[in-house]
Amino acid sequence: MKRISMLGAGFIGRFYAMSLLGQRSQDKIVSVYSRREETAKRFSEDYACPHFTTEMEEAINRPEVDIVCIALPNNLHEAAVLLCCKHKKAVMTTKPLGRNAEEAKRMLLAVEEAGIFNGYLEDLVYTPKFLKSMETVKAGALGRILWAKSRETHPGPHSDWFWDKEQSGGGCILDLGCHCVEISRSFIGKDVRPIEVMCWADTQVKPIDAEDHAIALVKYASGAIGQFEVSWTFRGGLDLRDEVMGTEGTIWINNFLRTGLEMFTSGKSTDYVAEKSESNSGWLFPMGDEVNDLGYNHMFTDMLNSLDKGVAPKETFYDGYVVNAVLDAAYLSAKTKLWEPVNLDIWRGQEPGEQVKHLAEYDADHYLIKEELTHYGAKKLILKNKHTGKLIEREIE
Ligand SMILES: NC(=O)c1ccc[n+]([C@@H]2O[C@H](COP(=O)([O-])OP(=O)(O)OC[C@H]3O[C@@H](n4cnc5c(N)ncnc54)[C@H](O)[C@@H]3O)[C@@H](O)[C@H]2O)c1
């Protein structure tokens, strides 16, 4: 059993509470901090939490607290983390870790210096579909990973502070791209160094200083390419899709819309359908179990089991820092319109070596380019002569 102090009683704080206290969980939220007393009080009543406060430090520095869960606006993550370091409390922080890599690096160094448990709450690498896909990729079913694309688009976030660049640190690149980068990075290999980024971003619809729409390519040392597509201007709900392509196979994941549960209603009910759903009539795509399907359950299981065992969870502040560094490069590239390097002062994966060429052998003199069975019954081979470089075609009846 773990006793959790929740900082933030808003949108994600409540999703986290539903997951932490869901099913037959033994874990408890023992303290909650929110800016406004009525919000903190309502949260404490809803989740049987014995203590609420509008003083952040008071919620952290309580003897019964085993771990602090940070669910605050982005500009408050660092201050909250530093207070956890001061009081030597284990901490887990929602995404993005920082508003930029500099902030994230300070947080990473602070928790490591304090010697406290640190977890990065990136739920989308804990969804059941992601976990199954990752297991398949690790088993080699897709061969060598060449391309991992992740898309998160919706009609825009639910609180004012997201739209203020100073508080949020950026627009949809930071808010949604952080999920996408960690998804692609996981499929490509977290020990493979992200090298450089090319990004297009624009503010096409919303009257804000930050971007509301962006696309980027992230080049990795293995030669693999990560791709993210993000938008705060997409209409039609929350579109969460990933595609992974390898030399031996492909995975397509649809996490949210059209997941197999589709229903039609003329609109007699005004019930909640799913996160960011724009309608509650017509054809609808509800989630079977939103909290589980979005990864929160598997994420907290990993976090709290790791805390019990005294080991690092799958996602730590280091991962949050790498993600911030990739996104910093994306922001710079969107300005310069050039490929920009990912600056990682702290890198704990493989050092980039020579990119290995992967050529399929056919026989002593040829590489195999393509083999295909045609509709007229012939088997065609396209080969390349190893010595002359000449391409030839052979047909086998
Ligand atoms: N899937 C995910 O992992 C996911 C989804 C949504 C949000 N988030 C992250 O969670 C964090 C909080 O987002 P949210 O959607 O819960 O926001 P929210 O606005 O719904 O809630 C913010 C909470 O912080 C408190 N707060 C304290 N000081 C504040 C201040 N100065 N300004 C505004 N609020 C203040 C509010 O009282 C509220 O309880 C952000 O870092 C966001 O990126 C993660």
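User: Over how many bridges do β18 and β19 pair?

Analyst: This is a predicted model, where local features need pLDDT of at least 70, side-chain atom pairs count only at pLDDT 80 or more, and totals for chains, interfaces and linings use all residues. Residues are numbered from 1 along each chain as its sequence is written. Strands (E, at least two residues) and helices (H or I, at least four) are DSSP runs numbered from the N terminus, and two strands pair if DSSP finds at least two bridges between them. β18 and β19 pair in the antiparallel sense, and the bridge count is six.

User: Which residue in the turn between β18 and β19 has a positive phi?

Analyst: The two strands form a hairpin with five residues between them. One turn residue has a positive phi of about 80°. That residue is G389.

User: Which strands stand at the edges of the sheet?

Analyst: Four strands form an open sheet in the order β16-β17-β18-β19, with antiparallel pairing. An edge strand here has a single partner, so one of its sides is left without a neighbour in the sheet. The edges are β16 (361-363) and β19 (391-396).

User: How many buried residues does β19 hold?

Analyst: A residue is buried if 20 or more other C-beta atoms lie within 10 Å of its own, exposed if 12 or fewer, and partly exposed in between; C-beta atoms are placed from the backbone. β19 is hardly covered. Among its six residues, the buried count is zero.

User: Is T136 buried, partly exposed or exposed?

Analyst: T136 is found in helix α6 (residues 128-138). It has 15 C-beta neighbours inside 10 Å. T136 therefore counts as partly exposed.

User: Which residues does T136 touch, not counting those up to four places away in sequence?

Analyst: Contact requires C-beta atoms, placed from the backbone, within 7 Å. T136 touches A141, L142 and I251.

User: How are α9 and α12 oriented to each other?

Analyst: Axes are lines fitted to C-alpha atoms, for helices over the stretch in contact, and angles run from 0 to 180 degrees between N-to-C directions. The axes of α9 (residues 177-188) and α12 (residues 317-336) come within 9 Å and cross at roughly 115°. Angles under 35 degrees count as roughly parallel, over 145 as roughly antiparallel, 65 to 115 as roughly perpendicular and the rest as oblique. The two helices are therefore roughly perpendicular.

Methods: Two residues are in contact if their C-beta atoms, placed from the backbone, lie within 7 Å.
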